[in-house]
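Thanks for coming. Please look at the model on the screen while I go through it.

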Amino acid sequence: MSRSLPGSWLRESLLAASVYLLTTWTCVWLLRHPLADAATWLRAGVGLLPVLAIGWAIRVVVRQALAGDELQRRINLEAIAVAALVVGLGSLTLSLLVVADVIAVSGQAALVWTLPALAMGYLAARVWATRRYR
Amino acid sequence: MNSRLRALREQRGWSQRELAGRLSVSRQTINAIETGKYDPSLPLAFRIAREFGEAIESIFLFNEDDT
């Protein structure tokens, strides 16, 4: 039996990423408006809801990575390496510009966007790495 | 590394997908090996050789340029 197709992997990954983004936006809206003055335990519970979606997304990626054959694993490795380097270098560049008082980036925004940036970088790098072996 | 994989596969009338199924790899891997963009691991090269009933060195042709 042949290995799973990249198309199904992409569909499942995009679905998981979409659920994550939708959950995050919903939670942020809830925390800023209806739950702005709610009890801390409730705010913490709602605020951590995106972790479930992230957990699902990570499960999808890990399952696909383990199900892949040797070429697919190599592509994954290259994509992860490129994404980590690009996001790391981007973060460093931004932090240097913040230190130089050229731009202002809140720590909150930086923390929230780290994982999505890594995920988007990984997807883009995976498309690039896949094309290298066509 | 050059290989005779495409020629051997076509001799048997197999599609890339069919050969991928026989070897439990993706069609993408078969295509990458055939186009010389990916060199298979030794275990996969052995499985390919066994599938076609030939020796590894008769399927995969080493070039000095590959080093």
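B:Ser24 sits in chain B, in the loop between helix H2 (16-23) and helix H3 (27-34). Helices here are DSSP runs of H or I with at least four residues, strands are runs of E with at least two, and both are numbered from the N terminus. Although B:Ser24 is not a glycine, its phi is positive, about 55°. Is this serine buried or exposed? B:Ser24 counts as exposed because it has 12 C-beta neighbours inside 10 Å. The cut-offs, with C-beta atoms placed from the backbone, are 20 or more other C-beta atoms within 10 Å for buried, 12 or fewer for exposed, and partly exposed in between.

A word on the source. This is a predicted model, in which local features need pLDDT of at least 70 and side-chain atom pairs count only at pLDDT 80 or more, while totals for chains, interfaces and linings use all residues. Residues are numbered from 1 along each chain as its sequence is written, and chains are lettered from A and ligands numbered from 1 in the order in which they are written.

Now chain B as a whole. Its secondary structure comes to five helices and two strands, running β-α-α-α-α-α-β from the N terminus. The radius of gyration of chain B, taken over C-alpha atoms, is 11 Å, close to the 11 Å that the globule rule gives for 67 residues, so chain B is as compact as a globular protein of that length. That rule is 2.2 Å times the number of residues to the power 0.38. Along the principal axes, the C-alpha atoms of chain B fill a box of roughly 30 × 25 × 20 Å. Of its 67 residues, 25% count as buried.

On to chain A. A:Asp101 lies in the loop between helix H4 (70-99) and helix H5 (107-132) of chain A. Its phi is near 60°, a positive value in a residue other than glycine. A:Asp101 counts as exposed, because it has 7 C-beta neighbours inside 10 Å.

The domain assignment, which is automatic or from a database, gives chain A domain 1 (1-68) and domain 2 (69-134). Six residues of domain 1 and seven residues of domain 2 take part in the contact, where contact means C-beta atoms, placed from the backbone, within 7 Å. On the domain 1 side, helix H1 (6-32) and helix H3 (50-67) of chain A are the elements that give two or more residues.

How values were computed. Contact = placed C-beta atoms within 7 Å.
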